[in-house]
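Trainee: I am new to this structure and would like a close look at one single part of it. Could you take me through that part with care, and then set it in its surroundings?

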Amino acid sequence: MRIWTLAAVALLLPGLASAQGERSSWFGLNWSLASPTANSKEFTSDFSLRGMGLEWRQLRGRNSYGLSLGWNAMNEETLETSSLPQVDLTGFQFRYINAYSVLLAGHTYLGTAGSARPFLGIKAGTYYINRRVDVGLWTATDNNWHFGVAPELGFTVPLRQSYGSEAFYTAVRYNYALAAGDTPYQSWFAIDIGIATRR
Amino acid sequence: MLRNYVLWGALFGCSLGVAACYPGEIDSAAQTDLVITFHQEGADFQANQTFSMPDSIVDVSVAAGADSTLNHAHDAEILLRIQQELEDMGYTREVDTTVRADVVVLVSAITVENNVYYTYPWYPYWGWWGGWGPYSSPGVGSNYYYPWYPVYTTNFTSGSLFITMIDPDVPPPDTSQGAGIAIWGAVINGMLEGSDPEILARINNSLSQAFLQSPYLAIP
């Protein structure tokens with residue numbers, strides 16, 4: 001956890017430092033796909049097409065800092081027999097993970113303005129994760145706030161001339177939410193596809 | 001500028017559309033079917049060869065003094081299915097109620113909500129059954145001991161079918177807890193939606209599943 005925290009601070013600092021100079025605001029709205037890994041994949045293994053995100057970045061030169069709000073819904077439907085001591089249970093299981101994130105973000109941009117620009121970023125903050133299993137007429141659920149970090153890389157592509165201040169952007173982000181309560185750590189890759197405007 | 005708003009509006013609309021399309025909800029009554037089986041750890045199922053079974057399904061709600069909408073039209077078919085499943089596993093039904101079988105299989109059902117699984121006394125419900133004669137030793141009391149944790153039913157639109165296999169020869173840990181021990185139990189639960197044939201087919205499937213997931217019941 002300490003390593004992740006230090007990495008988050010180290011990568012956020014350039015973005016925060018950029019606030020000292022000329023500012024330009026960047027707003028993004030994206031469709032967010034998700035592929036669960038590790039514990040999350042054990043719970044819900046399907047690739048998710050359901051999610052969205054909102055981002056605000058304050059730009060200065062090659063760096064930015066900002067805030068990111070996100071939601072990813074992962075699910076799996078399965079018919080299986082689960083066994084516990086003395087008990088066996090068979091039924092359709094509908095499993096869901098709804099992960100909501102509020103993350104501070106720092107990014108650094110490569111390339112030159114006006115062309116496609118790759119960027120690297122780190123986000124850190126809180127995840128509110130709801131895990132639910134519906135089986136038969138019963139529901140089991142847990143909800144926890146997790147601290148987490150999310151390194152990402154992506155690129156922006158300016159849209160055609162008539163939309164001079166808009167850009168298409170995409171990013172791949174690895175979300176890692178530390179264990180909280182009785183819930184083990186959760187992780188998933190998110191693929192964001194969105195559009196951004198700069199003011 | 002106008003095109004900017006159109007673009008943003010379209011993207012926002014698509015995002016909301018994605019968000020609104022929530023995944024994987026239950027879309028048929030059959031998907032609510034649940035089969036739970038319990039067994040006593042260490043029970044010697046192979047020691048039993050014969051079973052007795054009352055020829056009625058007890059309506060737990062009525063037996064407990066409440067109203068019920070339980071449909072008894074298919075009781076005989078359900079009991080026959082249970083008998084067939086047990087016979088397939090090597091058991092023989094003892095129909096002579098004067099003969100003591102190795103285990104007793106009791107079948108009950110309920111359709112009302114917020115009932116607790118088997119926390120009620122069993123004996124009054126099956127007290128009319130002549131098959132108790134062979135077991136009417138001093139041990140017969142008002143209940144049996146269940147070595148697993150009770151299960152709760154919670155939805156008024158649901159129905160539950162309970163099957164309990166009791167071994168009267170095995171005393172419970174505490175004799176005040178009953179006269180014998182339940183060594184196996186099954187709960188079949190689901191929404192009571194659809195036509196009678198559909199519901200019966202689902203019950204039959206669930207009954208098969210109950211025995212399929214209990215291979216330890218089989219005797220050579």
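Mentor: Let us begin with B:Glu193, which counts as partly exposed because it has 15 C-beta neighbours inside 10 Å; a residue is buried if 20 or more other C-beta atoms lie within 10 Å of its own, exposed if 12 or fewer, and partly exposed in between, with C-beta atoms placed from the backbone. This is a predicted model, in which local features need pLDDT of at least 70 and side-chain atom pairs count only at pLDDT 80 or more, while totals for chains, interfaces and linings use all residues. Residues are numbered from 1 along each chain as its sequence is written, and chains are lettered from A and ligands numbered from 1 in the order in which they are written.

Along chain B, B:Glu193 sits in the loop that lies between strand E9 (181-191) and helix H5 (196-212); helices (H or I, at least four residues) and strands (E, at least two) are DSSP runs, numbered from the N terminus.

Turning to the whole of chain B, its 220 residues, of which 37% count as buried, include five helices and nine strands, and from the N terminus on the elements run α-β-β-β-α-α-β-β-β-α-β-β-β-α. Among the contacts of chain B with a separation of 6 or more, 79% are accounted for by residues 24 or more positions apart, two residues being in contact if their C-beta atoms, placed from the backbone, lie within 7 Å.
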